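Have the sequence and the model side by side. We will start at the ligand and then move to other parts of the chain.

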Amino acid sequence: TVLYLNRSLSVIEAKNCTLRAKGSLKFPKNFSFGAATSAYQIEGGWNADGKGPSIWDEYTHNDPDRITDRSNGDVAIDSYHRFDLDLKILKELKLDHYRFSIAWTRIFPNGDVSSKNQKGIDYYNDIIDKLLANNIEPMVTMYHWDLPVDIQKLGGFTNALIINYFTAYAEELFKLFGDRVKLWITFNEPMQICKPGYSTAESPPNIKSPGIGDYLCFTNILKAHARTYHLYKSKYVKEQRGRIGITMDTFFFISKSNDKNDVDRGMQFSFGIIAHAIFSKAGGFPKVLVDDIGKNSLAEGRSVSRLPHLDAYWKAYIRGSFDFLGLNYYTSRYVERPSKPLGENPSMLRDYDIEETSDPNWLQGKSNWLYCVPTGFEGLLKWIREEYDNVEVKITENGWSDEGDLDDDDRVSYYKSHLQAVLNAIHDGSNITSYSAWSLFDNFEWNRGYTEKFGLYAVDMKSPKRERTAKKSAIYYRKIIEARTLVDEF
Ligand code: GBH
């Protein structure tokens with residue numbers, strides 16, 4: 001339902017969440033506006049119609065105390081049974097595209113092709129067909145953190161077998177949906193797969209292997225991504241004519257002492273660890289990582305680096321394996337070199353050797369890590385433009401958390417200032433072709449359960465029907481999409 005229908009509204013800008021325009025407020029002609037979700041966060045139907053268990057099903061069931069409100073995604077906002085409601089909303093927002101993810105465990109319940117499940121396939125066929133019938137382009141993420149439990153039993157992303165299993169899953173998606181899906185994203189946020197999953201044990205599979213498991217995970221993701229890319233290019237693109245990329249998240253970094261080296265170090269360790277191998281001219285892991293992790297490894301008495309070696313074959317194979325760069329940006333930090341070593345030994349944090357801090361003047365969201373820093377977004381887009389030869393960027397997530405009020409003025413300010421950052425970067429020459437708001441709905445916010453709301457739409461979690469209601473930010477976003485301009489009145 002749309003509230004506000006007969007009211008005219010205006011942007012009430014929050015202090016410290018604004019950005020000055022550098023040029024025109026108009027978005028480029030073919031710029032695509034969308035909104036994003038992910039399977040585990042919205043679908044529910046956790047064991048419906050033959051779906052297999054993922055590491056998030058297992059974790060929330062076995063360890064409910066680790067979720068702030070002891071909730072899980074068993075029912076979530078029930079999109080598995082209510083896509084027709086979602087479709088209405090996608091239409092009413094006038095979105096150009098919808099970014100959603102496919103649950104591996106619906107297609108292959110145990111992760112392997114032998115377990116193929118037609119009902120899970122039907123669910124996504126229905127979504128894709130209905131989107132296309134309404135002129136909404138599907139943008140599909142293949143993997144948004146819900147690994148089949150049986151694959152984790154073999155070590156998940158620390159076992160190189162994942163390269164074969166992921167590629168087989170991806171190939172099935174090309175075969176099933178590639179006639180209609182033209183925008184593919186292999187992985188959502190390798191950093192958030194590898195760090196909480198295999199380094200700090202904050203999220204499933206909760207492996208604590210700092211400075212070792214994390215680097216194995218990054219390496220295997222890079223290889224699985226590149227395999228999938230090359231498979232698509234050699235076997236499918238000629239007929240299907242789609243495009244394929246990977247989505248990475250990062251904070252941007254600001255140096256109080258204006259030291260560009262600190263900013264670069266922050267960026268290479270947080271973003272370059274994946275992006276450099278794929279998007280840079282040189283390929284491979286960033287030099288600063290190879291050097292420093294190698295040096296630390298030697299000092300620990302090892303003969304080889306904890307950072308796996310990418311040989312000439314893999315370097316060349318991974319480099320250039322993209323049609324676009326998917327970027328999730330939320331917030332920024334100050335960076336400086338610490339006065340004493342950080343983290344345990346060994347660990348990614350110890351290797352990183354950067355202290356991140358925030359600014360008490362930044363407007364803060366409900367999430368303890370989230371501040372409104374639109375200048376950081378503009379700075380990040382510039383850094384990417386310069387570092388990766390003005391690669392085509394698709395913003396695949398950007399958004400704000402709060403308590404869930406329908407009059408979400410801070411979220412309106414956040415979207416306004418961050419879309420301004422996009423316009424400023426385009427003005428300065430960035431090749432940005434699309435923007436997805438995170439998120440279409442309030443949903444299961446991982447370890448925070450349903451306590452932090454990122455949605456343009458609220459969801460009534462007490463009602464079995466899970467009714468959705470437009471917030472002020474939804475109306476604002478719709479107005480921007482209609483006008484193709486950053487507006488103040490709507
Ligand atoms: C996105 O990740 C996810 O893709 C999406 O599923 C999620 O709902 C959305 O963010 C909102 O969280 O607590 O200081 O250790 C964004 C990357 C990763 C940023 C975890 C915040 C926590 C940092 N996020 N990180 S901290």
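Predicted model: local features only at pLDDT ≥ 70, side-chain atom pairs only at ≥ 80, totals over all residues.

Glu 397 places a polar side-chain atom 3.0 Å from an oxygen atom of the ligand. For Trp 438, the distance from a side-chain N or O atom to a ligand oxygen is 3.2 Å. How much of the ligand does the protein bury? Taken alone, the ligand exposes 590 Å², and the protein buries 76% of that.

Now find Ser 280. This residue sits in the loop between α10 (260-279) and α11 (287-299). Is Ser 280 buried or exposed? Its relative accessibility is 7%, so Ser 280 counts as buried, the cut-off being under 20%. Neighbours within four places in sequence aside, Ser 280 is in contact with Ala 275, Arg 319 and Tyr 388. Asp 389 is 109 residues away in sequence, yet its C-alpha is 7.9 Å from the C-alpha of Ser 280.

The side chain of Ser 280 also meets backbone atoms. A polar atom of this side chain lies 2.6 Å from the backbone oxygen of His 276. The backbone nitrogen of Ala 282 is 3.5 Å from a polar atom of the Ser 280 side chain.

Turn to helix α8, residues 190-198. How many of its nine residues are buried? Seven are, and the helix is mostly covered. The buried ones are Pro 190, Met 191, Ile 193, Cys 194, Pro 196, Gly 197 and Tyr 198.

Last come the charged pairs. Side chains of opposite charge can pair when their charged atoms come close. The structure holds 37 salt bridges.

Take Glu 392 and Lys 394. Their side chains meet in a salt bridge, 3.2 Å from N to O. Where does this pair stand on burial? Glu 392 has 14% relative accessibility, so it counts as buried. Lys 394, at 7%, also counts as buried.

A further salt bridge runs from Lys 472 to Asp 409, with the closest N and O atoms 2.6 Å apart. What does this pair tie together? Lys 472 belongs to helix α16 (residues 472-483) and Asp 409 to helix α15 (residues 409-427), so the bridge ties together parts that are 63 residues apart in sequence. Lys 472 is buried, with a relative accessible area of 5%.

Elsewhere, salt bridges with shared partners join Glu 300, Arg 302, Arg 306 and Asp 351 into one network.

Notes
Residues numbered from 1 in each chain as written. Heavy atoms only, no water. Polar contact = N/O pair within 3.5 Å; in protein donor to acceptor, adjacent residues only side chain to side chain. Areas by Shrake-Rupley, 256 points an atom, 1.4 Å probe, with all protein chains shown as cover. Helix = DSSP H or I, 4+ residues; strand = E, 2+ residues; numbered from the N terminus. Buried < 20%, exposed > 50% of the residue type's maximum accessible area, 1.4 Å probe, protein only. Contact = heavy atoms within 4.5 Å. Salt bridge = Lys/Arg side-chain N within 4 Å of Asp/Glu carboxyl O.
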